[in-house]
Each structure stands twice: as C-alpha cells, then as structure tokens.
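Hi there,

I'm passing a structure on to you, with a few notes on what turned up in it. Have a look at it first, then read on below.

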Amino acid sequence: MATQTLTRPAPHTASAAKIRKPRRKITAGKAAVTAVAAFLAVLWLVPFAWATVTAFKSEADAAAPTVSWIPPSGFTADAFVKVFQDGNIPLWTWNSFYTSAAITAITLVISALVAYALSRIDFRGKKVLMTVIIASIIIPPPVLMIPLFYQMVALHMIDTAWAVILPQVIHPAMVFVLKKFFDQIPRELEEAAVMDGASRMRIFLQIILPLSRPILAAVAIFVFISAWNNFLWPFISTNDGSILTLPVGLQTIKSAYGIQYAQNMASALLAALPLILVFLFFQRQIIKGVATTGLAGT
Amino acid sequence: MSSLATSRRTAERTATSPSQFRPAPSRRSRDNLTGWGFAAPFLAFFLIFLVWPLLYGFVMSLTGKSLTGANDSLIGLANYAEALADTAMWRSLGNTLYFTVISTVPLVIVALVMAALLNVGLPAQWLWRLSYFAPYLLASTVVSLFFTWMYNPQLGLINDSLSKIGLPKVAWLNDPNVAMWAIVIATLWWTVGFNFLLYLAAMQNIPHQHYEAASLDGAGAWRQFFSITLPQLAPTTVMIVLLQILASLKIFDQVYQMTAGGPSGSTRPVVQYIFETGFTGYRLGYSAAVSYIFFGLIVIVSVMQFVITRRRSA
C-alpha cells in the first residue's frame with residue numbers, strides 16, 4: 001500500500017525526482033518484506049503440509065523413527081480409505097453442518113428482530129434491555145456449562161441436536177453489531193412506508209433487511225464458524241456417537257486410533273477441508289465478515 | 001390503513017398542537033407492544049439459556065449438590081471458603097493467568113507484523129491471507145491432532161528439525177516446564193489470524209493522505225510505520241489486547257486435548273478444573289462455586305477494559 005501511495009501523487013507534485021527517490025528505497029525494502037512474509041507463510045503452512053504428507057503415508061512409514069517428507073514405500077491413500085470405511089467423518093460433518101446451520105439461522109432471526117426493536121422502536125424498558133444485553137457479553141460460556149448441563153438433563157435434551165443448538169443461539173455481541181448497522185440506515189427510507197401504513201414487520205422485512213445484507217452475511221459467517229468449531233459445549237452435551245459434531249467426534253477418534261498416525265492425520269485433514277474450501281470460495285466475504293463483526297463486537 | 005400514518009404525524013406534532021394530544025399515548029402503547037414483540041424471541045432464549053443458568057449456577061454454588069443428586073440443601077458460602085483454600089484451584093487459576101500473560105504478547109505482536117507486511121501491498125494478497133488466516137478456520141481438535149503429532153518426542157517434525165540444526169530434543173508436551181509454551185505455540189499458530197485480520201482491516205482504514213504527506217516530507221517506510229501507522233492503530237491495539245486477554249482466560253480446548261492438563265497439572269487451566277470437579281468429581285455445587293470465582297476474575301478484567309476504553313474516548 002505504501003508504494004501505491006508513493007506513486008500516486010506523481011502527476012501533480014512538483015519534482016519527479018523527489019518521488020522516485022523514496023520509491024527505489026521501498027523496492028529494496030519490498031524484497032525484504034516479501035522475504036519475511038514468505039518465511040511466516042511457510043511457517044504457517046508447515047503443519048498442513050506435514051499432516052498431508054503423513055496422511056498419505058502407510059502406517060509403517062508414519063511410525064518410522066526417521067522423519068521423511070517422501071516416504072520410503074511411496075505415497076498411499078490407505079489412511080483415507082480406512083477413515084472413509086469407518087464412516088464416522090461424513091456423519092459427523094453432516095451433524096456439524098446442520099447444527100451450525102440451525103444455530104446460524106436462529107441466531108440471525110432472533111438477533112435481527114431484537115436489534116431492529118432496539119434501533120427503531122421506542123418502547124418502555126428499551127434502555128434496560130439494551131444494558132442487560134450489552135452487559136451479558138462478558139459472561140464466559142464455561143461459567144454456564146454446569147447449570148446448563150443440569151438444565152438439559154431436566155429437559156431430557158442431553159444427547160439430542162437440541163442440546164447442541166439451543167444454548168448456542170444467544171450472541172449478545174451480534175445483536176449489538178446489527179443494532180449499530182440498523183442505526184445507520186436513514187429513517188427517511190421508512191417514512192414513505194409509514195405514510196402508506198405499512199406495519200413494523202413489513203418495514204423490517206421489506207426495507208431494513210434487504211439493506212442489511214452485508215452485515216447479515218458478516219454475522220452469519222462469524223456465528224457459523226464459531227458454531228462449527230465449538231468444542232466444549234457439544235462435548236458436554238452429547239455422548240452418543242451418531243449425533244457427535246466433527247470436533248467432538250475427532251476427539252474420540254484420537255483415543256480409538258491410538259498410534260495410527262496416518263489415520264489420525266487423514267481424519268484431521270478431512271475435518272479441516274469443508275471450511276477451508278468454503279473459505280477459498282468466499283474469501284472476501286469471510287474476511288470482511290470476521291473483521292467487521294470482530295471489530296464491532298466490543 | 002392510514003390511522004398509523006396520521007397518528008404518527010400527529011404524534012410528531014403534539015409539541016406544537018396540544019389539541020391533538022390524544023393519539024400520542026395510543027401510539028406509545030402500541031410501540032411498547034411491538035417493541036417487546038420484536039424482542040420476545042431473543043428474550044426467550046436469553047432468559048432460558050443464559051439468565052436462568054447463570055442464576056441457577058449461583059444457587060447451585062451455595063449447595064452441596066452432586067451429580068448423583070445427594071445434597072440439595074443450602075450450605076451457604078462453604079463451597080467458596082473451600083475453593084479459596086484449595087491449592088489445586090489456585091494452581092489452575094495460576095496456570096490460566098500464566099497462559100494469558102505469555103500468550104497475549106505474541107498473539108498481538110505477530111498479528112501486527114503480519115498485517116504490516118501485507119499492508120505494504122504484496123502481490124497475490126489472497127495467498128498470504130489464506131496462509132495466515134486458514135488455521136483460524138480449524139476446530140481445536142484438528143489443531144491439537146496436528147501439533148501433538150509435530151511435538152511427538154521421537155517421530156515429531158519439530159524435534160527432528162531441532163536435531164538437524166544441532167539443538168537438543170525437547171519433551172514438548174511431557175516436560176512441565178515446557179508444556180505450557182508448547183500450548184502457546186499451537187495457540188499462536190491457530191488463532192493469530194483473527195487478530196491479524198482485525199489489524200489489517202484497521203490499517204486499511206487509515207487515510208492515504210497521511211502517508212502521502214509523510215512521503216512528501218521524505219519519511220521512509222519505517223518512519224511512516226512508527227509515526228503514522230502505529231499511532232493510528234492505538235485504539236485497535238487496545239481493543240485487540242483486551243479481547244485477547246478475555247479469550248486467553250477461557251483457555252480449555254487445546255490444553256484438554258493435547259496434555260489433558262498434565263504433565264502433573266502444570267497446564268491445567270481453571271475451566272478444566274471446573275469441568276473435572278463437576279463432571280468427573282460429580283461435585284456440581286463446588287464446581288459452580290469455582291465457576292463464579294472465575295467469572296469474578298473475568299468481570300474484573302472487563303471492568304478494567306471498560307475503564308481504559310472509556311478514558312481513551314473521553
């Protein structure tokens with residue numbers, strides 16, 4: 001970015017020499033920057049690379065005392081085949097997908113509704129409600145795990161998808177993010193609809209929501225990623241193998257496979273794949289989503 | 001149909017025309033109803049799955065309740081008194097604080113360095129962002145599998161690389177003096193991408209004109225970074241540091257998965273202690289009390305955050 005800003009003023013600034021001088025310095029510096037960035041990138045990619053190589057080894061090669069990037073007996077997809085025959089990874093991926101999708105959908109609906117009320121409707125107790133929701137941001141989920149578990153036992157929801165989904169739909173910070181966005185939508189846009197006698201719900205659905213697509217997408221992305229990767233609560237609330245989510249299922253694999261290193265890495269990679277693929281396709285939106293909600297979340 | 005519109009218009013006019021005062025209260029009460037109506041679904045979840053467990057947990061902490069259902073009667077603050085004298089609890093709190101302190105510094109600095117490097121405008125931005133950010137998309141279990149494998153004392157990539165450059169092998173997850181650092185390294189790799197994105201977003205919001213003016217004055221890249229970028233990022237830095245502290249205090253997943261709190265309790269964080277006293281030791285009341293002591297710690301940090309950010313904006 002620095003180079004762009006340095007070259008841009010050229011046409012309308014006094015001396016071209018003055019511009020060129022720092023530019024040359026930057027180009028030298030840019031090589032250094034690239035080198036450091038590349039070093040970090042390689043460092044950050046090594047665990048992926050090493051896991052991939054291991055997953056494509058035979059168990060014997062993986063457990064060999066000498067570390068090799070190219071296995072002596074060649075690459076093989078045996079570990080993946082075994083993991084697939086095992087059948088759990090696709091099942092757990094599906095469980096993770098539909099619970100995370102449900103969490104995201106419910107979170108979006110209930111958060112957008114309450115955020116609209118907080119942003120646009122003057123009702124008694126609004127300030128108190130807003131304060132309570134903001135204050136609840138500081139409650140760390142682990143503090144709730146013991147009573148929540150007990151509550152789920154009482155509701156007979158342990159070992160059901162409900163137990164995984166329902167407690168994860170409350171994201172006070174996201175309500176706040178949505179409210180802040182709604183606040184910026186000009187009120188004039190609603191005036192005409194109000195004149196026509198449109199109901200609040202209609203205004204919300206037909207005016208506010210369509211204008212809020214970027215922030216709704218951002219919140220959805222943030223909530224989906226955190227639900228997909230959540231470990232502690234699904235770990236506590238489910239034991240039955242058929243409804244485990246991916247992170248929890250993997251934890252059971254680790255003990256089941258024991259020292260089957262290639263199979264361990266193959267399952268880890270298969271578990272990592274869906275979100276990485278989604279990221280490759282929706283990179284811009286995901287980065288924007290995480291950055292805006294992450295920044296506004298405070 | 002038009003009643004809403006007219007009542008609204010008249011309500012806006014009430015200040016100037018007292019004769020049309022009547023419609024106003026009806027609009028207000030209707031707004032009260034719609035307002036709470038819109039809030040109701042969220043509120044229901046909020047009350048059932050957040051407020052109620054929060055209160056119920058506190059009541060539990062005052063009882064001798066166990067998972068086997070033994071003692072439901074109130075025993076006052078006995079659990080808290082026991083917890084405050086419990087060296088294992090203090091040790092787990094100490095581990096949590098230790099992790100928070102030693103993880104926050106690299107998680108902020110490395111993120112800043114990554115963002116600053118990319119902000120120079122390297123080609124193929126997506127590739128850099130992918131490599132720095134991708135680990136954040138992984139579940140803790142995947143990260144733990146990767147790193148347990150790399151930390152393996154005999155077969156692991158890290159020890160192999162160390163011995164190739166003539167350094168001694170390290171018992172990463174089995175040495176009480178090293179294990180926490182091993183977890184910090186894995187955590188850094190896993191989560192730094194989040195802070196990196198926040199920094200990058202903040203950097204790209206700094207107006208170009210600042211840099212243009214500085215470059216006309218002959219300021220080099222370093223000078224620009226230290227006199228423009230860093231000061232402009234100050235609020236972001238404060239926010240990232242505080243967010244990171246709050247996140248690090250909640251550490252559980254990767255520790256539980258990589259060391260299970262060991263060796264000899266040297267990495268066990270307070271969340272794991274809560275988990276174990278509650279679900280393995282079946283002492284729900286006691287576990288709830290420890291939860292509330294932990295919550296107290298979080299509240300203290302959050303209040304400090306509030307005071308600091310308030311003073312900054314004031």
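**A threonine in chain A, then the interface**

With a relative accessibility of 1%, A:T293 counts as buried, because buried means under 20%. Please keep in mind that this is a predicted model.

The residue sits in helix α16 of chain A, which covers residues 283-296. A polar atom of the A:T293 side chain lies 2.5 Å from the backbone oxygen of A:G289. And which residues does A:T293 touch, leaving aside those up to four places away in sequence? They are A:M174, A:V177, A:A218, A:V219 and A:F222.

Now to where the two chains meet. Chain A brings 109 residues to the contact and chain B brings 104 residues. Between them, about 9,900 Å² of area is buried, and carbon and sulfur atoms give 78% of that.

How many salt bridges does the rule find across the interface of chain A and chain B? There is one: the side chains of A:R200 and B:D31 meet at 3.8 Å, N to O. As for polar contacts, 11 residue pairs across this interface qualify, with both residues at pLDDT 80 or more.

On the side of chain A that touches chain B, helix α2 (residues 16-55) supplies the largest share, with 20 residues. By residue class, that side of chain A divides into 83 nonpolar, 17 polar and nine charged residues.

Definitions and conventions:
Residues are numbered from 1 along each chain as its sequence is written. Chains are lettered from A and ligands numbered from 1 in the order in which they are written. This is a predicted model: local features need pLDDT of at least 70, side-chain atom pairs count only at pLDDT 80 or more; totals for chains, interfaces and linings use all residues. Side-chain values use heavy atoms; hydrogens and water are left out. Contact means heavy atoms within 4.5 Å. Buried area is the accessible area (1.4 Å probe) that two parts lose on being put together, summed over both. A salt bridge is a side-chain nitrogen of Lys or Arg within 4 Å of a carboxyl oxygen of Asp or Glu. A polar contact is a pair of N or O atoms within 3.5 Å; within protein, one must be able to donate a hydrogen and the other to accept it, and residues adjacent in sequence count only if both atoms are side-chain atoms. Helices (H or I, at least four residues) and strands (E, at least two) are DSSP runs, numbered from the N terminus. Ala, Val, Leu, Ile, Met, Phe, Trp, Tyr, Cys and Pro count as nonpolar, Asp, Glu, Lys and Arg as charged, and the others, Gly among them, as polar. Buried means under 20% relative accessible area, exposed over 50%, partly exposed in between (1.4 Å probe, protein chains only).
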